[in-house]
Amino acid sequence: MIELLQAIEASVQQVANEVCTPIQVPPFVALIHPDDSAPWFNYAMPVAPLETAAANLPALRQVFEQHQRQLRFEWTRELWPELEPLLQAAGIKVDHINPQMICLPEQFKPYHNPAVALRWLTTADDLALYRQVTRFGFGDYAAISQADVDSLHTALDDGWRYAMALIEGELAAVGGYKPTSSGVVELVAIATLPVWRRRGAAASLTSFLVADHYAKAGKLAFLFAADAIAQATYAKIGFQQIATHLAATEE
């Protein structure tokens, strides 16, 4: 199990390294996005034994301050059980606890609600609308900028695969993944507009992504469920919780 969790963290870091600048501050790596200050693009991960973690927190904090980012951490509790109390002692509290779920090829249960139309996002589509659905699905109502559109266009050019679920011709849910050389991929930013929830859009879209990944000889799909409802949705198509993903932000 430990090796599997390590493979998942390695995949997360591999994909993050493609869009973020990795800065080594042992025993952490700080992942800093050059343009986007959103918290999910800027965080530190433990990558080595934590004996020097407490002593090196000031240096890590300085890296984030230099880049005008808020100090934030993401990690797997089962791999780094000592990190949570270490951060708490430094006054940095856990603010997100999410089930970490996997779906192996033999566990996959394809699902498709016939009322949901599925297709891939292309650069010819309305990228601003896609970004807006992603944000609205997570309760973020900030305006979409040209930089948001440009970053999505760049991601598509870089090989990201983003899918759209449509109900009655309207964009209802979104999500995607980045293929990796290891065949271990994270499904990310799966979001459904509130008006279309409980219509099978998220389950159909997630199944669509998993099927595509395994059709290309993928080895493992994983994700972090936002809440119990999302966890039940993913369980419907074969995802099972194997660990707990934590995030902590310094106020």
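1. Start at Arg161: its charged end sits over the ring of Trp120, 4.1 Å from the ring centre. Lys236 does likewise with Tyr111, its charged end lying over that ring at 5.0 Å from the centre. "Over a ring" here means NZ of Lys or CZ of Arg within 6 Å of the ring centre and within 35 degrees of the ring normal.

2. Some housekeeping: this is a predicted model, where local features need pLDDT of at least 70 and side-chain atom pairs count only at pLDDT 80 or more, while totals for chains, interfaces and linings use all residues. Residues are numbered from 1 along each chain as its sequence is written, and side-chain values use heavy atoms, with hydrogens and water left out.

3. Now the aromatics. Rings of Phe, Tyr and Trp (its six-membered ring) pair if their centres lie within 6.5 Å; planes under 30 degrees apart count as stacked, over 60 as edge-to-face and the rest as tilted. That rule gives 8 aromatic pairs. Trp160 and Tyr162 are stacked, because their ring centres are 5.6 Å apart and their planes at 10°. Ring pairs also bring Tyr130 into a cluster with Trp160 and Tyr162.

4. Are Trp160 and Tyr162 buried or exposed? Both are buried (under 20% relative accessible area; exposed is over 50%, partly exposed in between, with a 1.4 Å probe and protein chains only).

5. Tyr162 is worth a click. Beyond its neighbours within four places in sequence, Tyr162 has contacts (heavy atoms within 4.5 Å) that include Arg119, Trp120, Leu121, Tyr130 and Gly175.
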